[in-house]
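Welcome, and please have the sequence and the 3D view open side by side. We will walk through a few places one at a time.

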Amino acid sequence: MNALQEQFVIEARELVRQATDNLIALERDAASPERIDSVFRAFHTLKGAAGVVELPAMSIMLHAAEDLLAGVRNGTRGLDAEIVDTALACLDQVSRWVDDFEAVRALPSQAGEDGRAMAERLRALLPGRAGQQPGLTAQNSTTKTGGGSLPEWVFRLIAAERDAVVSRMPERPFVATAISYEPLAGCFYNGDDPLQLMRQVPGLLAFHIEPREPFVALEGIDPYACNLRLQALSAADPNEIAAIFQLVPDQVRIISIPLGTLPASDAYPTLGDHALIRKVIEAQCELLRVPDRRQDFAGCVGAAARAAENALRYGQLPHLADTIRRAGALALAHRDAGPLLSALENTLVGFAGSPSTVVADGGERPDMAAASTSTRPADRVLRVSEAKIEDLVNLAGELVVARNALAYSARQVELDLGGSEVARSIQRDRDAIDRLVTELHGTVLQLRMVPMAQLFGSFPRLIRDVARQLDKNAALVTHGETTEVDKTIMDRLFEPMVHLVRNALDHGVEGPEQRRAAGKTENATISIAASRVGDRLVVEVTDDGRGIDPAVVRRKASEKQLLPPDKLSALTDEEVVDLVFSAGFSTASAVSDISGRGIGMDVVRTAMDQIGGRVSLESKVGIGTTVRLDLPLSIAMSRIMVVEAGGQLFGIAMDAVSETVRVTPDRVSIIRSNEAFVLRDRVVPIVSLAELMKLPGQKRNATAARLLVVMEAAGRIAALEIDAIRDRLDVVLKPMQGLLAGARGYAGTALLGNGQVLLVLDVKEILP
């Protein structure tokens with residue numbers, strides 16, 4: 001993409017987010033003229049930007065939305081749920097098209113049809129248009145056939161040009177396409193040349209030209225007004241033809257024709273291969289519709305795309321194969337099978353003969369003016385690619401490693417030269433460099449910090465849609481929107497937050513009747529709060545619903561045999577409630593498209609473990625539930641404790657360390673052949689790090705206190721026995737590489753100041 005197109009993608013996504021947020025807010029407060037103006041400006045700017053990058057299908061749709069919002073703005077049309085739903089659907093379509101444009105530099109071939117349909121849906125909500133349907137001319141009317149629905153003019157053109165079509169059919173299999181182009185009366189003033197456009201259509205099989213309206217007497221004819229309808233049959237791919245007419249999508253109709261509709265030709269092969277190809281594509285569609293394919297997503301999507309592409313190339317349909325290949329790449333890039341599934345379904349429609357059309361609505365041309373500079377944000381922003389920031393963060397991390405090495409060297413000089421002037425000078429320089437590196441590294445890391453408002457902005461729409469689906473009333477309240485967190489942490493936090501919010505709506509929040517019976521208001525409240533506690537980020541998701549009943553959880557756990565009966569009965573209510581994080585556990589009585597599969601809360605805990613976070617839950621029956629996420633603010637740097645065991649140094653992430661204690665021998669007990677001690681009424685098992693790493697341990701003094709590091713991870717607690725604590729450092733954690741890439745029990749490596757490579761332990765892997 002060129003710079004203008006890249007700018008369009010960035011700004012379009014920002015405007016879609018801004019308009020979505022304001023539409024959701026307007027549904028709660030329709031009397032806010034500022035928000036109405038903001039939504040109107042967002043749609044207006046989107047329309048202008050689409051015109052600048054020559055996306056007329058998007059402009060047509062947004063122009064209709066702008067007309068509707070103008071009616072709301074001037075008071076001729078009241079804002080209601082139907083308008084909000086339709087405007088949000090329009091923004092969803094824009095968002096999908098922006099993704100397509102970013103991936104393949106163009107909109108899908110059916111964009112004109114989809115844009116026209118959405119424009120008609122929006123205009124139907126205008127005052128005086130409610131309930132009206134877009135009219136069809138006789139030329140656009142359709143007739144039902146055994147192979148699908150095709151306009152009558154297609155059959156007339158095939159019948160009239162039968163011999164020409166048969167003689168021009170290519171010997172190889174091809175895609176048959178019908179085209180009907182009705183230029184605007186003033187098209188010449190717009191710089192359009194209808195005949196030149198039709199000349200560009202490849203693989204032309206038949207061509208017909210006629211007046212759109214009966215010609216008047218010669219003296220009344222306007223020579224500057226176009227009154228033509230141009231129709232053609234082509235052996236080219238619809239996508240290729242749509243690209244030719246991309247600037248006039250509202251004036252052209254492009255239809256895929258079943259090959260069986262065309263006259264038979266001895267040169268044309270049997271359609272048996274096409275039936276086989278169709279079955280292959282149908283099988284890939286079924287594969288992509290299987291839910292919960294996160295683990296093998298890339299393999300599933302890649303295999304489906306390759307199978308469909310190979311089948312189409314075998315059938316001599318390279319244009320369709322290229323479309324599937326691009327859709328597969330887009331699906332993998334966005335980790336969403338939707339684009340590929342949509343492309344496969346459209347291919348099946350082509351085989352079945354369902355029309356893929358772009359119908360003229362006779363409306364005026366969209367405004368192609370650029371977005372007004374007055375609607376741009378006032379703040380000056382310099383956009384830098386994420387890759388450049390990552391490079392800068394990595395360099396700053398290496399600088400921290402060099403600082404640690406300098407500190408080690410300064411200590412060695414101090415030991416060798418004592419209190420000499422040279423030693424003091426090196427120490428002063430070392431202190432200055434240490435301060436500057438610390439400030440520089442902190443400033444660089446701030447480049448990756450983003451406000452939580454960016455994450456919170458995704459949930460008003462989610463709560464609105466899911467609540468309406470469940471026939472419940474719920475509102476979102478947020479706190480701590482200005483709290484900043486590393487962009488990587490925020491990206492990884494999104495999925496578990498979605499699961500928490502959906503579970504709160506489905507399991508926690510009651511229906512209106514149940515809430516009234518419980519003495520609550522019909523409108524439930526879901527609260528999301530973010531705060532900074534030291535160097536940690538705490539996010540709490542709270543609902544005022546029914547809460548979690550420990551008795552129900554205990555019964556479900558017993559049915560699923562999560563624990564032996566004796567262990568399950570020994571758990572406290574708080575420990576029982578924590579079982580909702582178990583894999584496959586759900587209290588739902590039936591599986592729905594929202595929840596009930598038992599993967600939501602398990603995903604939350606797994607995601608937290610992967611980024612060094614912790615999750616806890618508090619619930620009171622009849623009052624509500626709070627899920628608390630405790631996670632680091634950044635993962636660019638890791639704070640570790642350097643410990644010694646068996647003569648070797650190891651690193652332990654400080655996030656996993658609860659505390660360090662010295663335990664006298666009289667506090668240690670043997671429980672089930674393992675050593676343990678009691679820490680604040682909690683039994684903590686003791687594990688020797690030297691024995692765990694199969695290293696020779698030091699001889700222990702029977703009366704000396706033992707040094708233990710108490711750690712918690714993945715809901716488990718244990719104490720590692722070590723020989724000594726050597727240091728606490730900020731390090732850049734590197735993943736295990738080469739032969740050690742698959743080694744279990746290690747989170748990565750770090751470089752110490754003396755050049756020694758330090759193995760950093762993966763606590764959740766080594767805890768018993």
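Before setting out, keep in mind that this is a predicted model. Our first stop is valine 731, which lies in strand S22, a strand made of residues 724-731. Is this valine buried or exposed? Its relative accessibility is 1%, and because buried means under 20%, valine 731 counts as buried. Which residues does valine 731 touch, once its neighbours within four places in sequence are left aside? The contacts are with Met637, Ser638, Ile640 and Ala750. Take the alanine among them: valine 731 and alanine 750 are 19 residues apart in sequence, while their C-alpha atoms are 6.3 Å apart in space.

Next come the charged pairs. One joins the side chains of glutamate 210 and arginine 229, with 2.8 Å from N to O. This pair links distant parts of the chain, with glutamate 210 in strand S4 (residues 204-211) and arginine 229 in strand S5 (residues 228-234), 19 residues apart. Both glutamate 210 and arginine 229 are buried.

Now turn to glutamate 421 and arginine 424, which also form a salt bridge; here the closest N and O atoms are 2.9 Å apart. Both residues belong to helix H15 (residues 421-446), and because they are three residues apart in that helix, about one helical turn separates them. Glutamate 421 has a relative accessibility of 45%, so it counts as partly exposed. Arginine 424 is partly exposed as well, with a relative accessible area of 41%.

A further salt bridge brings together the side chains of arginine 554 and aspartate 573, at 3.2 Å from N to O. What does this pair tie together? Arginine 554 lies in helix H20 (residues 550-560) and aspartate 573 in helix H22 (residues 573-577), so the bridge ties together parts that are 19 residues apart in sequence. Arginine 554 is partly exposed, with a relative accessible area of 24%, and aspartate 573 is partly exposed with 43%.

Salt bridges can also be found in a network here: Asp85, Asp92, Arg461, Arg464, Asp465 and Arg468 are linked in this way.

Let us go back to strand S4 from another angle. On the surface, Leu195, Leu204, Phe207 and Ile209 form a nonpolar patch, and together they have about 300 Å² of accessible area. Strand S4 gives the most to this patch, with three residues. Leucine 204 is in strand S4, and its relative accessibility of 33% means that it counts as partly exposed.

The last two stops concern backbone angles. Most residues other than glycine have a negative phi. Aspartate 471 has a positive value, with phi near 60°. Where is aspartate 471 placed? Look in the loop between helix H17 (459-469) and strand S8 (474-479). At 62% relative accessibility, aspartate 471 counts as exposed, because exposed means over 50%.

Aspartate 681 also has a positive phi, near 65°. This residue sits in the loop between strand S18 (674-679) and strand S19 (682-688). With a relative accessibility of 81%, aspartate 681 counts as exposed.

Technical notes: Residues numbered from 1 in each chain as written. Predicted model: local features only at pLDDT ≥ 70, side-chain atom pairs only at ≥ 80, totals over all residues. Heavy atoms only, no water. Helix = DSSP H or I, 4+ residues; strand = E, 2+ residues; numbered from the N terminus. Buried < 20%, exposed > 50% of the residue type's maximum accessible area, 1.4 Å probe, protein only. Contact = heavy atoms within 4.5 Å. Salt bridge = Lys/Arg side-chain N within 4 Å of Asp/Glu carboxyl O. Patch = residues over 30% accessible without salt bridge, like charges linked within 9 Å, V, L, I, M, F, W, Y side chains within 5 Å. Areas by Shrake-Rupley, 256 points an atom, 1.4 Å probe, with all protein chains shown as cover.
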